[in-house]
Amino acid sequence: MMETALAAVHSNIDQPGIDQVVPLQPVELGFAEFEQHGLVVLPHFLPVELIQSLKKEVQHQAKLQPAAIGRANTLQLAQDIRRDKTCWLTGESIAQQLYMQQLNAILTQLNRSFFLGLTGYECHFSHYQPGDFYRTHLDAFSDQASRRVTSVCYLNDVEQGGELVVYDEQQQPVLILPPRAGTLILFESSRFPHEVKPTAQHRYSIAGWFRQDPPVF
Ligand SMILES: O=C(O)CCC(=O)C(=O)O
Ligand SMILES: [Fe+2]
């Protein structure tokens with residue numbers, strides 16, 4: 001069980017959005033499942049109001065850019081590999097702060113339970129338009145993995161296409177997950193190849209990574 005008090009949100013009718021933060025019930029994170037399989041799916045991870053606020057933000061986000069692949073100086077657009085548009089969360093809204101607060105609480109729990117030595121969390125909004133996809137890939141390579149655990153939280157229901165398909169080390173599918181608003185998935189970044197099937201509908205999510213970076217001296 002989470003020890004940290006999580007947050008619920010109340011929207012104000014005159015001024016839609018999030019204006020108040022109150023303690024929420026702790027969330028059962030299914031760590032036994034994560035320990036056993038290296039992967040866990042948590043339906044209804046976030047309150048509906050917070051999902052709605054985050055979805056509105058990504059829908060009106062002017063800073064979304066076509067996603068690139070590769071590292072720093074080799075960044076290249078890779079339209080044949082991925083087609084989503086992304087924008088990093090900065091904590092510029094209360095909704096973003098609440099989201100990152102919840103994920104940082106998970107970071108603490110992962111460190112306590114598995115001694116992962118995670119040092120930080122980063123995440124971006126993703127928008128897949130109809131026809132968009134992300135071909136099979138790994139989020140990290142085990143020899144230089146600073147991304148240790150991947151998180152994806154879905155901000156809307158996608159009824160046609162857009163499934164996340166997760167494969168094992170033998171390239172066999174172990175999970176086919178149609179996006180549902182409020183569901184969070186966590187998995188070990190260097191262990192599971194995965195892909196986003198072409199979506200027939202707009203698909204909104206927050207993809208993020210728990211990192212383990214060496215200290216800077
Ligand atoms: O949105 C998803 O279901 C997965 C996204 C993904 O694999 C990524 O952004 O690296
Ligand atoms: Fe990925």
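My entries below start with the ligand and then move on to the sheets.

**Entry 1: what I am looking at.** I noted first that this is a predicted model.

**Entry 2: the ligand's surroundings.** Which residues come nearest to ligand 1? I found 13 residues around the ligand, and the nearest are His 137, Asp 139, Tyr 154, His 194 and Arg 203. I sorted the shell by type and got eight nonpolar residues, three polar ones and two charged ones.

**Entry 3: polar atoms at the ligand.** I looked up some distances from side chains to oxygen atoms of ligand 1. For Tyr 154, a polar side-chain atom is 2.6 Å from such an oxygen. Arg 203 has a polar side-chain atom at 2.8 Å from a ligand oxygen, and for His 137 the figure is 3.2 Å. Then I checked the cover: ligand 1 on its own has 300 Å² of accessible area, and the protein covers 99% of that.

**Entry 4: where the shell comes from.** I wanted to know which strands supply the shell. At least two residues each come from E9 (134-137), E10 (147-154), E14 (194-196) and E15 (203-211). E15 gives the largest share, with four residues.

**Entry 5: the seven-stranded sheet.** I traced an open sheet running E3-E13-E10-E15-E8-E7-E4, with antiparallel pairing. Why is one side of E3 and of E4 left without a neighbour? Strands E3 (39-42) and E4 (65-66) stand at the edges and have a single partner strand each, so one side of each has no neighbour in the sheet. I zoomed in on E4 and E7 (residues 85-88), which pair antiparallel over two bridges. There I saw Gln 65 standing opposite Thr 86 of E7.

**Entry 6: the four-stranded sheet.** I followed another open sheet in the order E9-E14-E11-E12, again antiparallel in its pairing. E9 and E12 (173-177) are at the edges with a single partner strand each, so each has one side without a neighbour in the sheet. Direction ignored, neighbouring strands here are turned by 10° against each other on average. I also looked at E11 (residues 164-167) and E14, an antiparallel pair with three bridges. Leu 164 has Val 196 in E14 as its bridge partner.

Conventions. Residues numbered from 1 in each chain as written. Chains lettered and ligands numbered in written order. Predicted model: local features only at pLDDT ≥ 70, side-chain atom pairs only at ≥ 80, totals over all residues. Heavy atoms only, no water. Near = heavy atom within 4 Å. Polar contact = N/O pair within 3.5 Å; in protein donor to acceptor, adjacent residues only side chain to side chain. Areas by Shrake-Rupley, 256 points an atom, 1.4 Å probe, with all protein chains shown as cover. Nonpolar A, V, L, I, M, F, W, Y, C, P; charged D, E, K, R; others polar. Pairing = 2+ DSSP bridges. Axes fitted to C-alpha atoms, helices over the stretch in contact; angles between N-to-C directions.
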